[in-house]
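Biologist: Please show me the model. Then walk me through it, one question at a time.

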Amino acid sequence: MSNALPYDTHRLYELAGEIIVNVRELSALGWTPATSSNFSRRLDDRHAAITVSGRDKGKLREADIMVVDFDGRAVGSDHRPSAETGLHTQLYRRFPDIGCVLHTHSQVQTVASRLYAGNGHVHLEGYELLKAFSGNTTHETELDLPVLPNTQDMAVLAAQVDALLDQGRMWGYLIDGHGLYAWGRDMAEARRHLEAFEFLLGCELELRKLGCR
Ligand SMILES: [Zn+2]
């Protein structure tokens, strides 16, 4: 039966295990409240493994990971993919080297998205941790993390992300009142980017509380 599926089931098994371990850790940090957030890994050049919508991310099991094609349609499963699946697959479709997309709703990310929505971005400059982003070799650099308006229309959101990607390489974006998307070539790199954004946004919020921003 599994032979009929158009993807490597052993690789899916391995990726599901990796997603489960990592997402439980992110959930333990409080970054996935109330079944929110979604996570995916590239399975091959046409498919991705992604968390099923509405599951408690702190208690993920193998059955909570499904396969979608790069148009966001379920493959070999009756589960309905998350409405936000298209925001994952647009990255896999566009960049063959992207292997992992992580989307979380931490309080820091959500508060920062509200505060900086009017600017359209959060400016990050002079931090040692900017070296965590692939391609950066020095803290003497700067990065504008985009903040997009929230909408339930994923086609609109995806079009806005595509327009940003047309302007150059980036490793994440915020959605106003919603959360953060971050990605990388594999789980380790995507997590490094996610954790760096979380830390840097936390620093910016602290500086603002202290009246320095
Ligand atoms: Zn979301």
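Modeller: One term to start with: a charge sits over a ring if NZ of Lys or CZ of Arg is within 6 Å of the ring centre and within 35 degrees of the ring normal. The model is predicted, so local features need pLDDT of at least 70 and side-chain atom pairs 80 or more, while totals for chains, interfaces and linings use all residues. Residues are numbered from 1 along each chain as its sequence is written, and side-chain values use heavy atoms, without hydrogens and water.

Biologist: The charged end of which residue sits over the ring of Y116?

Modeller: Apply that rule to Y116. The charged end lies 5.4 Å from the ring centre. It belongs to R208.

Biologist: Which residue lies over the face of F95?

Modeller: Look for a charge over the ring again. The distance to the ring centre of F95 is 4.7 Å. The residue is R169.

Biologist: How many aromatic pairs are there?

Modeller: Rings of Phe, Tyr and Trp (its six-membered ring) pair if their centres lie within 6.5 Å. Planes under 30 degrees apart count as stacked, over 60 as edge-to-face and the rest as tilted. By this rule, the aromatic pairs number four.

Biologist: How do the rings of F70 and Y92 count, by their planes?

Modeller: Their centres are 5.9 Å apart. Their planes meet at 20°, so the pair is stacked.

Biologist: Are F70 and Y92 buried or exposed?

Modeller: Buried means under 20% relative accessible area, exposed over 50%, partly exposed in between (1.4 Å probe, protein chains only). F70 has 8% relative accessibility. Y92 has a relative accessible area of 1%. Both F70 and Y92 count as buried.

Biologist: Which residues are the protein donors of the zinc ion?

Modeller: Donors are N, O and S atoms within 2.8 Å of the metal (3.2 Å for Na, K and Ca); water is not among the atoms, so sites may look incomplete. Here the donors lie 2.1 to 2.5 Å from the zinc ion. They are E84 (OE), H103 (NE2), H105 (NE2) and H178 (NE2).

Biologist: What is the arrangement of the four donor atoms?

Modeller: Four donors count as tetrahedral if all angles lie between 85 and 135 degrees. Four count as square planar and six as octahedral if opposite donors are over 155 degrees apart and all others between 65 and 115; anything else is irregular. Around the zinc ion the angles run from 84 to 152°, so the arrangement is irregular.

Biologist: Are E84 and H105 buried or exposed?

Modeller: Both are donors of the zinc ion. By the accessibility rule, E84 and H105 are buried.
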